[in-house]
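Me: Could you zoom in on one helix-against-helix packing for me? Then tell me briefly what else is in the fold.

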Amino acid sequence: MNEKEIERLIKLHADSLGDSTKRVRIPHRVPWRRNIAVGMASIAVVTTITLTLWPRDVVAGTVARINKQILNASTFKTKISMESASGWHTAMEIYCAGNMRRIDKSKESPLLAQTYIEKDGLQYSSLDCQDFTTVSKMAHNAGGIGAADGYSVLDIAKQELGVGIGDRSDNSTQIQDHEPVDGRSTYLVVMEQPSNHTHLEILVEKETDRPIRAEMQSPNPRTNKMQRYKAEYEVNKPIAASMFEAAPNRELVQLPEDSKLLENNWSKPVAAIEGTEIRSATRLGDGTIWLAVTVKLNSELANLPSAVFDDSGVEYARTIDLTPTQGMGADVHLFNEDIVLCGFVPLKNVPGGASSITVNFSKRDVGFVEPRKKEIPLAEAVLVDPELIGGESPAYFKYLGLSHVMNTLSQVVWSTRAKALEQHEKYLEAALAYDKLAEARYRWVKYSAFEPMLSEARTYRKLGQIQRADELELKAEALKQSQER
């Protein structure tokens, strides 16, 4: 697969996303750690502190007082909403009290709803559709309203929103009078950045300089249409202590400690070649095979599974390699070795499948989707009997910090299958696989289905079914423009 599929899927529900050609290790971090979730927590105030070209006058002084109110607050709550074709939708709610922080995100989507809590040097992350919570040390001394990674929450928001970044020579900021709100005297901070087509208005209580709400318009890079956001703020209002407790009746998976539980089952490799040991081989219900291997610590190149074959004649396509979570304060290693998970997708459903598979190897990059160096095939192969299990992912994924990967793995499988079938010029089968991928995407983030719909249209065009391709492209463009989640 020639794209950072997992990273793309995790980020797709954020406001902007693009395929990256940068060759980097696949990050399996908490996705909201330094992204739009934390960023939008201060969507109104953050923009103002980044504009270094402001005159040192009453405007700058006013903004400084607003920032001070946030940074010195005992509690801070933000509700962020985004507008789509069907109206306004709550994107997230953020609660801060002292050094504690909670983010509730995408609660309107069954597959995306998630909660993230920072407290007492630990971070708790969970998806509502799963029955466990991942607990690890905070990667940095972060949390609450104050500093994180050496930056304030506001600085992080600036970086992630991309507001106020770039050519700032055309920034303009004004303080404007505003009518009273709920009996309180108010004023507006209005910022324009023509080069970025961004307009921001912050409604502030005059007596306290505390923000009340904000609205922002900024272009959506996917659709080139203006995207509207609004934020509502509550400052120094009580927040129940229970808001910073992990949800009850859920398994707490502590990383890296609980990952050591795998060593008991994986102590005897199922197969090995020089420098590489296959610790686990599993076959899922649809025939997808996952091989968990260990290699020397910090290896950039290793002998890794590159292809599998069975005696039933089913062809397999290699999908992405996965490595355990990094950046969660919980670097996971077993047997003092690095772990790599290699996936192989059958080009048709093969429930059960053959009992044995032959695994071929090549020397290749560890943890990189796009190879930096050409793979070197190895002559050595091994015979493995995968364990047949149910579900869409092996159970051990949760002990490796891959909860978000588990939530999108079916999409990766359909994507791998569709692309391999198209490459083999099996266009009808490829179209059907792209259609399944579109269905999975639609259940996840509705508008994201437009991408596989365009790919499906492409394969029908190759089959000469021009009308069907045209219809799909029109539907895909409408879905893309809707930005419905």
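Reply: A crossing is called left-handed if the near helix is turned anticlockwise from the far one by less than a right angle, and right-handed if clockwise. This is a predicted model, where local features need pLDDT of at least 70 and side-chain atom pairs count only at pLDDT 80 or more, while totals for chains, interfaces and linings use all residues. Residues are numbered from 1 along each chain as its sequence is written, and side-chain values use heavy atoms, without hydrogens or water.

Now the pair: helix α8 covers residues 409–423 and helix α9 residues 427–444, and their axes come within 8 Å, crossing at roughly 160°. That makes the two roughly antiparallel (a label for angles over 145 degrees). In handedness, α8 passes α9 in a left-handed crossing.

As for who touches whom, the α8 side brings Gln411, Trp414, Ser415, Arg417, Ala418, Lys419, Leu421 and Glu422. Facing them from α9 are Tyr427, Glu429, Ala430, Ala433, Tyr434, Lys436, Leu437, Ala440, Arg441 and Trp444 (contact being heavy atoms within 4.5 Å). Sorted by class, the α8–α9 contact has ten nonpolar, two polar and six charged residues.

And the rest of the fold? There's an open sheet of twelve strands with mixed pairing, in the order β9-β10-β11-β12-β13-β1-β2-β3-β4-β5-β6-β14. At its edges stand β9 (172–181) and β14 (251–254), each with a single partner strand, so one side of each lacks a neighbour in the sheet. From one strand to the next, the twist averages 15°. Inside it, β3 (residues 100–105) and β4 (residues 114–119) run antiparallel, joined by five bridges (two strands pair if DSSP finds at least two). Isoleucine 103 sits opposite tyrosine 116 of β4.

Terms used: Helix = DSSP H or I, 4+ residues; strand = E, 2+ residues; numbered from the N terminus. Axes fitted to C-alpha atoms, helices over the stretch in contact; angles between N-to-C directions. Parallel < 35°, antiparallel > 145°, perpendicular 65-115°, else oblique. Nonpolar A, V, L, I, M, F, W, Y, C, P; charged D, E, K, R; others polar.
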